[in-house]
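This report goes through one structure step by step. Please look at the sequence and the model before reading on.

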Amino acid sequence: MSIVLKTEKLNRFLGEGANRVHALRDVSLEAESGQTYAIVGHSGSGKSTLLYLLGLLDQPDSGTIEIAGKQTGKLSDDARTALRNESLGFVFQFHFLIKEFTALENITIPMRKLGRWKEREMNERGMSLLESVGLEDKARRLGNQLSGGEQQRVAIARALANEPAILLADEPTGNLDHKNADRVFDLLSAISHERGNAFIMVSHNPELAQRCDVVFPMEDGFLKA
Amino acid sequence: MSLGGIIFGVGFFIITQAQTSGFEQFFIRTILGVNGMARVEDRYQSTMRSMEAEEGSNFRVSLEDSVKYISGVEYPEQIMDAIHRFPEVTATAPVIRGSAMLIANFKDQDCKPYGIDAEKHFQVSDLELQIIYGSIESFQKNPYGVLIGERLASRMNLMPNDSLLLQARGKSQRYRVAGIFETGIEQVDKERVYLHLSATRTLLQRPNGVSFIQINLDDPAKAPVFADRLGPVLSHSVMSWQRREKTWLQVFSVLRISSALTVSTIILISGLGMFNTLVMIIIDKTREIAILRSMGYTRSDITQIFMLQGILVLFGGVILGWAFAAASTYGLSKLPIRIRGIFATDSFVVNWDFSHYLWAAAIASIIVVIASYFPARRAARLEPGAVIRGSST
């Protein structure tokens with residue numbers, strides 16, 4: 001196991017003037033490949049803010065983030081975007097599939113940007129990923145022709161498309177019923193252990209959080225290691 | 001809606017240009033066929049004066065303050081020889097012009113006799129093609145044959161083989177109508193009578209010289225430069241057809257520009273429609289844009305996606321607009337319309353010119369690219385984190 005993500009003394013302020021809030025306070029953490037992590041806390045504790053910083057969707061006011069051995073602080077927007085494409089996979093509370101595309105086409109979107117594989121290889125990889133989430137028979141269905149649980153599984157397959165070192169999930173089961181939530185979490189956990197990527201999940205659900213290898217509680221912007 | 005606007009904008013642009021330039025080209029063909037590409041007319045002499053530089057001084061300053069014109073060309077053969085040394089000249093023809101009274105069928109009418117050398121004149125005009133009654137052969141065979149304008153013939157009830165009297169400078173001479181011509185130019189058709197050069201000399205009592213020499217060139221566009229070069233060489237005023245017909249050419253030019261500007265507003269409005277549509281799409285697809293950004297698509301990728309949408313509409317609009325324009329232009333060319341005055345036509349005249357199609361495509365491209373670029377840039381500026389966070393709560 002190796003360290004694929006490392007932060008040091010991350011600070012982030014949100015809002016302006018009187019509404020300015022210190023959302024993250026000196027957050028330092030490390031994540032290793034093949035491990036699952038849960039960031040838990042009440043609403044407003046700063047866990048989603050931290051996840052978006054880790055996913056390079058936002059910039060810290062101070063502190064450093066290192067992903068797959070690269071310091072991200074001084075990278076250009078294009079370089080950060082390229083790193084996101086290659087090393088990070090996202091699963092959000094809402095699946096955010098592109099509804100005009102089929103399940104298979106949704107999965108190949110990150111691959112097309114990466115440009116590592118030919119069309120046939122992308123389709124084969126997409127089918128293989130759909131198989132791993134149990135949806136190989138629904139490859140040709142449009143995004144809006146799938147159930148909520150199925151859409152979230154397609155989103156997981158899409159997040160894994162470029163074999164990312166880190167899989168980030170923001171309340172991935174928050175929009176699912178208990179049965180589907182269990183299934184999605186088990187899938188994410190199994191895939192991470194099997195493929196060796198670090199899985200970091202933000203969740204309100206303490207039951208699911210306890211099933212992760214490491215739990216980071218957050219409170220008022222502080223991460224309690 | 002935007003696609004439809006581009007199709008009709010491009011289409012109408014081409015149709016109006018085909019019409020206006022069609023009529024302009026037809027007008028030019030007509031006037032070149034009647035009056036030629038250039039004319040050598042009056043001889044000029046510079047009149048020089050001089051004045052003392054200082055009172056009592058022998059030093060004098062010459063002043064070139066005016067030009068004296070001597071009507072007509074005194075030595076036409078020598079002048080034509082000189083003109084033929086210019087490589088762009090293909091033919092020259094001498095013409096004597098005058099005024100006379102035409103008397104026939106108990107009526108009389110002022111007219112303009114034009115004395116021509118038939119063989120030479122047919123090489124600098126379309127007179128042969130403008131004969132609508134009678135024949136050019138009967139004119140060539142009969143030294144007292146005349147070709148008479150259609151409006152004048154109609155007014156005087158004259159038909160081929162009819163006899164007429166021309167009266168000038170107190171002298172009358174009888175002629176026979178060999179043919180009736182129609183140029184479509186009202187002023188020409190209602191007053192011009194073509195006679196043989198020798199017969200005109202007798203009628204107008206002009207034994208020497210001619211009124212002007214009509215010139216044909218290998219390219220009408222060369223006429224202004226040719227006229228500027230020839231004038232000083234011959235010491236005669238030389239007028240190109242562009243200078244002679246300046247007023248009409250300007251009218252056509254203004255019409256063409258005006259119609260292009262008017263029709264371009266259709267494309268402009270389509271561009272505004274496209275701008276609004278793209279802005280609405282971007283508002284609707286904000287989440288998808290954020291997801292694409294989170295998956296590694298750069299700002300320029302997002303710009304390209306939305307520019308591509310605009311370009312697809314542009315491509316479809318231009319191709320369909322071209323097809324619409326070509327079909328409409330063809331249909332228009334078959335539409336009957338009788339025009340007489342500055343030219344004669346019995347149907348719409350159109351000009352098939354690919355440059356109209358390229359201009360229409362260029363204008364549509366500029367408008368669509370601008371209309372697509374700003375919404376696309378707005379899409380690219382979206383911050384994915386803020387959008388996704390907003391959607392998650």
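Chain A contains seven helices and ten strands. The model is a predicted one. Of the 225 residues in chain A, 48% are buried. Among the contacts in chain A with a separation of 6 or more, 72% are between residues 24 or more positions apart.

**The sheet**

Six strands of chain A form an open sheet with mixed pairing, in the order E6-E7-E8-E3-E9-E10. Strand E6 (88-91) and strand E10 (222-223) of chain A are at the edges, and each has a single partner strand, so one side of each has no neighbour in the sheet. Within the sheet, strand E7 (residues 166-170) and strand E8 (residues 198-203) of chain A run parallel and are joined by five bridges. In one of the pairs, Ala169(A) has Met201(A) in E8(A) as its bridge partner.

**Two packed helices**

A pair of packed helices is described by the angle between the axes and by the distance between them. For H3(A) and helix H4 (residues 119-132) of chain A, the angle is about 120° and the axes are 9 Å apart. The crossing of H3(A) with H4(A) is right-handed.

Which residues in H3(A) and H4(A) meet? The table lists them by helix.

| Helix | Residues in the contact |
|---|---|
| H3(A) | Ala103(A), Leu104(A), Ile107(A), Thr108(A), Met111(A), Arg112(A) |
| H4(A) | Met122(A), Asn123(A), Arg125(A), Gly126(A), Met127(A), Leu129(A), Leu130(A) |

By class, the residues of this contact between H3(A) and H4(A) are eight nonpolar, three polar and two charged.

**The contact between the chains**

Chain A also touches chain B. How many residues does each chain bring to the contact? Chain A brings 20 residues and chain B brings 16 residues. On the side of chain A that touches chain B, helix H1 (47-54), helix H2 (77-87) and helix H3 (103-114) of chain A each supply at least two residues. H2(A) gives the most to this side, with six residues. The side of chain A that touches chain B consists of ten nonpolar, four polar and six charged residues.

Key:
Residues numbered from 1 in each chain as written. Chains lettered and ligands numbered in written order. Predicted model: local features only at pLDDT ≥ 70, side-chain atom pairs only at ≥ 80, totals over all residues. Pairing = 2+ DSSP bridges. Helix = DSSP H or I, 4+ residues; strand = E, 2+ residues; numbered from the N terminus. Contact = placed C-beta atoms within 7 Å. Nonpolar A, V, L, I, M, F, W, Y, C, P; charged D, E, K, R; others polar. Buried ≥ 20, exposed ≤ 12 C-beta atoms within 10 Å, placed from the backbone. Axes fitted to C-alpha atoms, helices over the stretch in contact; angles between N-to-C directions. Left-handed = near helix turned anticlockwise from the far one by under 90°.
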